[in-house]
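I opened the model to look up its helix, its aromatic rings and its sheet. My notes follow in the order I made them.

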Amino acid sequence: MSIWFDEPSVEWANSRCDGTAIRALGIEMTELTDDSLKGRMPVDGRTRQPGGVLHGGASVLLAETLASWGASFTVDPERNYCVGMEINANHVRPVADGWVYGEARPITRGRTTQVWDIRITDEQGRLVCVSRCTMAVLAKPSEY
């Protein structure tokens with residue numbers, strides 16, 4: 001059984017990222033499963049630190065992007081929206097080039113908060129970063 005509200009689209013989500021940090025770093029959402037959102041990010045001049053490997057902040061941006069879109073896809077967009085409250089990340093393997101792949105899956109989805117687990121791997125499927133992101137579920141303001 002799917003966790004998603006209605007029928008979300010990664011194509012629609014990707015189309016909404018023009019002019020954002022998401023687009024600037026080359027992040028794209030790639031797939032929705034019944035209980036996760038997947039995406040990828042290039043490891044290149046946009047996402048490397050001066051030492052030549054993937055910048056931890058870029059990994060965190062990928063993780064929060066997946067958690068934010070994932071959380072948003074689970075609520076009624078006419079009534080609620082989701083924003084990040086807290087994120088942490090452990091960087092466990094350096095990557096110098098290619099792509100990294102993220103998969104975000106909810107740990108809990110409450111009425112006012114959600115907690116998401118995000119795993120980022122390299123092209124060989126090895127763990128690069130593990131992150132946890134807490135999302136606030138907010139009511140859309142009433143129109144006057």
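I call a residue buried if its relative accessible area is under 20%. By that cut-off, Trp-69 is buried, and Phe-73 is buried too. I kept in mind that this is a predicted model.

**Entry 1: helix α3**

Helix α3 covers residues 56-73, which makes 18 residues. At 1.5 Å a residue the helix should span 26 Å, and I found its end C-alpha atoms 26 Å apart, so the two values agree. I then listed the buried residues of α3: Ala-58, Ser-59, Leu-62, Ala-63, Thr-65, Leu-66, Ala-67, Ser-68, Trp-69, Gly-70, Ala-71 and Phe-73.

**Entry 2: aromatic rings**

How many aromatic pairs does a search of the whole structure find? It finds four. I wrote down two of them.

The rings of Trp-4 and Phe-73 have centres 6.2 Å apart. Their planes stand at 90 degrees, and over 60 counts as edge-to-face, so I noted the pair as edge-to-face. This pair links distant parts of the chain: Trp-4 is in the segment before α1 (10-15), Phe-73 is in helix α3, and they are 69 residues apart. Both Trp-4 and Phe-73 are buried.

The rings of Trp-69 and Phe-73 have centres 5.6 Å apart and planes at 40 degrees, so I noted this pair as tilted. Trp-69 and Phe-73 are four residues apart in helix α3, which means that about one helical turn separates them. An α-helix has 3.6 residues a turn, so residues three or four places apart point the same way.

I also noted one aromatic cluster, formed by Trp-4, Trp-12, Trp-69, Phe-73 and Trp-116.

**Entry 3: the sheet**

I traced an open sheet of six strands in the order β1-β2-β4-β5-β6-β3, with antiparallel pairing. Which strands stand at the edges? They are β1 (28-32) and β3 (80-91); each has a single partner strand, so one side of each has no neighbour in the sheet. From one strand to the next, the twist averages 25 degrees.

I then looked at one pairing inside this sheet. Strand β2 (residues 37-43) pairs with strand β4 (residues 98-109) in the antiparallel sense, over seven bridges. Pro-42 stands opposite Trp-99 in β4.

**Entry 4: a charge over a ring**

What lies over the face of Trp-99? I found Arg-40 there, at 3.7 Å from the ring centre.

How values were computed
Residues are numbered from 1 along each chain as its sequence is written. This is a predicted model: local features need pLDDT of at least 70, side-chain atom pairs count only at pLDDT 80 or more; totals for chains, interfaces and linings use all residues. Side-chain values use heavy atoms; hydrogens and water are left out. Helices (H or I, at least four residues) and strands (E, at least two) are DSSP runs, numbered from the N terminus. The expected span of a helix is 1.5 Å times one less than its number of residues. Buried means under 20% relative accessible area, exposed over 50%, partly exposed in between (1.4 Å probe, protein chains only). Rings of Phe, Tyr and Trp (its six-membered ring) pair if their centres lie within 6.5 Å; planes under 30 degrees apart count as stacked, over 60 as edge-to-face and the rest as tilted. A charge sits over a ring if NZ of Lys or CZ of Arg is within 6 Å of the ring centre and within 35 degrees of the ring normal. Two strands pair if DSSP finds at least two bridges between them. Axes are lines fitted to C-alpha atoms, for helices over the stretch in contact, and angles run from 0 to 180 degrees between N-to-C directions.
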